[in-house]
Amino acid sequence: MNAPQNPHQPQNPQYPQNWPPQPQQPAGQPPPGQPQAGPQQPGGYGPPPPGFPQPGTQQPGFAPPGGYGPPPPPAKKRTGLIAGIVIGVVVLVVAGVLGFRYLDYVEEPGGGPGAQPIPECELSSELKSQAHVSSFRLIQAPTDAEKGMKHSHCAWEQTKGKDGRNPRLLTFHVYDFTTFNDKKDRNVEQAHGNYLSFTSYANGEQAKPIDGLGDEAMIVLPNSTGDLTEVNLLVRKGTVVWNIRYQGHDKGFFTDSPFPVADAEAVARKTAEELTAG
């Protein structure tokens, strides 16, 4: 039996435990066979490996870490610009409407002096001035036939620059039954029947007879004129019937308005007086 070994006694008595002797390493140096580290940075960190950006510098192609860097500039508010554009458009529209209304307001209706009236349509200068019409237009001329009813349609309109800027129109039909038949009494009956046929104008309107004008006469006034004044006057004298119409309105800057019905009635009456005087 072998004697027990002393744990504090070297196993091989020829070599001590620290044999062979190891070279002493300076403090802080890595053991042999390991790479040497670069200069030590404060806090125990060394320089970054090659290929990574150096501290404090920004390499091309590298963005700062998310959540860092300068904040983006605030978006510019365009409320004022949009409001200015809207106001500008509104101003242009209003100016256009006002300009159109002004041009229409100052514009004088009518055309040239017109044609020479035929005897059946002739009126006095005083009446044309009162009615604000001086331009004649023959809408329908009477027939040249020896027999039959002769129909004339006459229109007195405005002359531009002479009769004012408020539209007026005076028209009348002339129905002449003088040569309708060889019998005079028969022609009077035809004229009277023609006069009665026009009483349909009085349906729903204000109609009243007129004394002392021809053999029979009636004036028709509308119940509601709106922005237009219009009167119709029917008159018969012997074998001739006249259907007279006078109408118009006064222009306003924004809306038109009717002119007095009494003025229109006065023009229609005077027209009938002159036409039946012959």
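Is arginine 168 buried or exposed in this structure, and what is its relative accessible area? Arginine 168 is buried, with a relative accessible area of 12%, where buried means under 20% relative accessible area, exposed over 50% and partly exposed in between (1.4 Å probe, protein chains only).

The structure is a predicted model, in which local features need pLDDT of at least 70 and side-chain atom pairs count only at pLDDT 80 or more, while totals for chains, interfaces and linings use all residues. Residues are numbered from 1 along each chain as its sequence is written, and side-chain values use heavy atoms, with hydrogens and water left out.

The pLDDT (the predictor's confidence in each residue, from 0 to 100) averages 78 over the protein, and 66% of the residues score at least 70. Confidence is lowest in helix α1, at a mean of 70, and highest in strand β3 (residues 168–176), at 98. Helices (H or I, at least four residues) and strands (E, at least two) are DSSP runs, numbered from the N terminus. Over residues 1–16 the pLDDT stays under 50, and the model has one contact beyond four places in sequence for this stretch; contact means heavy atoms within 4.5 Å. Residues 37–44 also have a pLDDT below 50, with five contacts in the model beyond near neighbours in sequence. Where pLDDT is low, the predicted coordinates should not be read in detail.

Strand β3 has two pairing partners described here, β2 and β7. Two strands pair if DSSP finds at least two bridges between them. Strands β2 and β3 pair in the antiparallel sense over seven bridges, with lysine 150 opposite aspartate 176 of β3. Strands β3 and β7 also run antiparallel and are joined by nine bridges; here aspartate 176 stands opposite valine 240 in β7. Seven of the nine residues of β3 are buried, so the strand is largely enclosed by the rest of the structure.

Salt bridges (a side-chain nitrogen of Lys or Arg within 4 Å of a carboxyl oxygen of Asp or Glu) number 10 by this rule. One of them joins aspartate 250 and arginine 168, at 2.8 Å from N to O. Aspartate 250 lies in the loop between β7 (240–248) and α4 (261–277) and arginine 168 in strand β3, so this pair ties together parts that are 82 residues apart in sequence. A salt bridge also forms between arginine 236 and glutamate 216, whose closest N and O atoms are 2.6 Å apart. Because arginine 236 belongs to strand β6 (residues 229–237) and glutamate 216 to strand β5 (residues 216–221), the pair ties together parts 20 residues apart in sequence. Both arginine 236 and glutamate 216 are buried.

Glutamate 157 and arginine 137 form a further salt bridge, the closest N and O atoms being 2.7 Å apart. Glutamate 157 is in strand β2 (residues 150–157) and arginine 137 in strand β1, 20 residues apart, and the pair links distant parts of the chain. Glutamate 157 is partly exposed, with a relative accessible area of 23%, and arginine 137 is likewise partly exposed, at 41%. Lys208, Glu265 and Arg269 are linked in a network of salt bridges.

Leucine 233 lies in strand β6 and counts as buried, at 0% relative accessibility. Leaving aside neighbours within four places in sequence, leucine 233 is in contact with residues including Ile210, Leu213, Met218, Trp242, Ala268 and Arg269. The C-alpha atoms of leucine 233 and arginine 245 are 6.5 Å apart in space, and the two residues are 12 apart in sequence.

Two loop residues were also examined. Histidine 132, in the loop between α2 (125–131) and β1 (135–140), has a positive phi of about 60° although it is not a glycine. Most residues other than glycine have a negative phi. Histidine 132 counts as partly exposed, at 37% relative accessibility. Proline 222 lies in the loop between β5 and β6 and is partly exposed, at 22% relative accessibility. Its C-alpha atom is separated by 8.9 Å from that of alanine 202, 20 residues away along the chain.
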